[in-house]
Amino acid sequence: VDGGGDCEEMTLSGIKVALERSRPRSILFVFTDASAKDYHLLNDVTRLIQSTGSQIVFVLTGDCGYQNSIEYESYESIATVSNGKIFQLKKIDISRVLDYINVVIAARLINLVYRIDLPATSNRSFEVDVDSCLQNAFVTVTTKGLFDEVFLTENALSLRIAPPDGRHNYSYIVDEKSVIVVEDVDPSPGRWRISVRSNLSYSFFV
């Protein structure tokens, strides 16, 4: 939808109200197609996150073209402080991440590895120690730059997982140009090696 003046929205005001009215340790999902006009509220939102222990997950379908501005970077700061995530998706692809969102709602996930805003790479490996008590493991890679079509091509993002025993019990919940989410049911305990290739900066979570 076009029109309505400036692109930015009062996103942080909405997050602030949600944090004030929700229970501690909630998971809040923010769906928006714009950067934050009210980024000056970042310190207030950060304090609320720290006091409530809540997690913020962003699903972005636009960014007003300002990914290197404070309006957009306020989202990255909030995701980092809250151990949340940022998904950049086309509006037609949102339904494909809903399965992952349903899992997140059903069981609060613990981050074993949390790396945000990593540089583009032809091949970077991460080693992750998986405990035998884990029932499910999720590997998530999200790129920054979905709305820069010149950089986002087919095969721009790939993921390779090597469990210690060689078993491959995982399935792709989301497999898009900008987002990959893999679930492994009853993951093999031990040290996993996970390799990522991305021609855009990206974030990596287990």
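Here is a short chat about the predicted model above.

Colleague: What should I know before we start?
Modeller: This is a predicted model, where local features need pLDDT of at least 70, side-chain atom pairs count only at pLDDT 80 or more, and totals for chains, interfaces and linings use all residues. Residues are numbered from 1 along each chain as its sequence is written, and side-chain values use heavy atoms, with hydrogens and water left out.

Colleague: How many helices and strands are in the chain?
Modeller: We go by DSSP runs, numbered from the N terminus: helices are H or I with at least four residues, strands are E with at least two. Counted that way, the chain has four helices and eleven strands.

Colleague: What is the strand order in the open sheet of three strands?
Modeller: Two strands pair if DSSP finds at least two bridges between them. Six bridges join β1 to β2 (residues 55–60), and these two run parallel. The edge strands are β1 and β3 (85–88), each pairing on one side only. The order is β1-β2-β3.

Colleague: And which residue in β2 is the bridge partner of Val30?
Modeller: Look along β2 for the bridges to β1. Ile27 has Gln55 as its partner there. For Val30, the partner is Phe58.

Colleague: Why does α1 count as roughly parallel to α2?
Modeller: Angles run from 0 to 180 degrees between N-to-C directions, using axes fitted to C-alpha atoms, for helices over the stretch in contact. Helix α1 (residues 11–21) and α2 (residues 42–52) have axes 10 Å apart, packing at an angle of about 25°. Under 35 degrees counts as roughly parallel, over 145 as roughly antiparallel, 65 to 115 as roughly perpendicular and the rest as oblique. So α1 is roughly parallel to α2.

Colleague: Which residues in α2 do the α1 residues meet?
Modeller: Contact means heavy atoms within 4.5 Å. From α1, the residues involved are Leu12, Ile15, Lys16, Leu19 and Glu20. In α2 they meet Leu42, Asp44, Val45, Leu48, Ile49 and Thr52.

How values were computed:
Right-handed = clockwise from strand over helix to strand, strands pointing away.
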